[in-house]
Amino acid sequence: MAPVIEPNTAFKGNDFLSKHFNGLSEIAQEWQGIEFEDCCFQDCHFSESIFRKCKFIDCRFVRCNLSLVKVPQCQFSGVEFEECKLVGIDWTRAAWSRLAFAAPFSFKQCILNDCSFLGLSLDEIIIEECKAHDVDFREGSFNQANFTYTDFSHSLFGRSQLLEADFSEASHYDIDIFNNKIKGAKFSRDEAIRLLNCLDIELID
């Protein structure tokens, strides 16, 4: 079992391998150049903090609050977020490799309101059972993504690649079928009628 690091002892060092951070409260703090590999963050509070040029490899966040966190030049690989609050994060500020072979992270049962993925290539990303209100997905590549059971109220899709993306049981998305690539994507029958909104037609029961 990984050693558990209790509050007030966070991040004393530059590299952490297989550490378990539990119950940390580090609000509006700043860290730079730290590498986390195979670490677990549970019930931690990092809101309004800055992680600058940090690396997160195969890490897991559970029930953490990362709202308004800034991630300039950070690198992510195989990071999982579960039941986390991630409001207002600009993911475009991170350092993204053009040679990514797998989705850098997955979100399950998270709150992602007001985040930006503008122009990012995040094929196979998982955003499952999340609340994703007012999220910017424009000009990004999300082919083969898993968007199941997520609420996309007021989120933006424009010139987005959504080939074979799975929107099963997702809701409240507004996707212009002429302005996005959706070939092979999956939609639930009851919600798929929203795809007709861009046609300027009248539907009669």
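**Entry 1. The open sheet**

I began with the strand pairing and found that four strands form an open sheet in the order β2-β5-β8-β10, with parallel pairing. At the edges I noted β2, residues 15-17, and β10, residues 75-77, each of which pairs on one side only. I then looked up the twist, which averages 5° from one strand to the next. I record here that the model is a predicted one.

**Entry 2. Strands β8 and β10**

Strand β8 covers residues 55-57 and pairs with β10 in the parallel sense over three bridges. Which residue of β10 is the bridge partner of F56? I found that F76 takes this place.

**Entry 3. Strands β11, β12 and β13**

Strand β11, residues 79-82, pairs with strand β12, residues 105-108, over four bridges in the parallel sense. In this pair I located E80, whose bridge partner in β12 is S106. Strand β12 also pairs with strand β13, residues 126-128, in the parallel sense and over three bridges. There I noted K108, which has E128 of β13 as its bridge partner.

**Entry 4. Cavities**

I then asked how many cavities of 30 Å³ or more a search of the whole structure finds. The search finds one. For the largest cavity I recorded a space of about 80 Å³. Its lining consists of F51, F56, F61, L66, V69, V71, F76, F81, L86, I89 and W91.

Is the lining of the largest cavity nonpolar or charged? I counted eleven nonpolar residues, no polar ones and no charged ones.

**Entry 5. Confidence of the prediction**

Finally, I consulted the confidence values. The protein chain averages a pLDDT of 89, and 87% of the residues score at least 70. Where does pLDDT stay under 50? I found such values over residues 1-8. For this stretch the model has 20 contacts beyond four places in sequence.

Conventions:
Residues numbered from 1 in each chain as written. Predicted model: local features only at pLDDT ≥ 70, side-chain atom pairs only at ≥ 80, totals over all residues. Heavy atoms only, no water. Pairing = 2+ DSSP bridges. Helix = DSSP H or I, 4+ residues; strand = E, 2+ residues; numbered from the N terminus. Axes fitted to C-alpha atoms, helices over the stretch in contact; angles between N-to-C directions. pLDDT = per-residue confidence, 0-100. Contact = heavy atoms within 4.5 Å. 1 Å grid on protein atoms, 1.4 Å probe; cavity = no way out; pocket = protein on both sides within 12 Å on 5 of 7 lines; lining within 4 Å. Points joined across faces, edges and corners; volume = space filled by probe spheres on them. Nonpolar A, V, L, I, M, F, W, Y, C, P; charged D, E, K, R; others polar.
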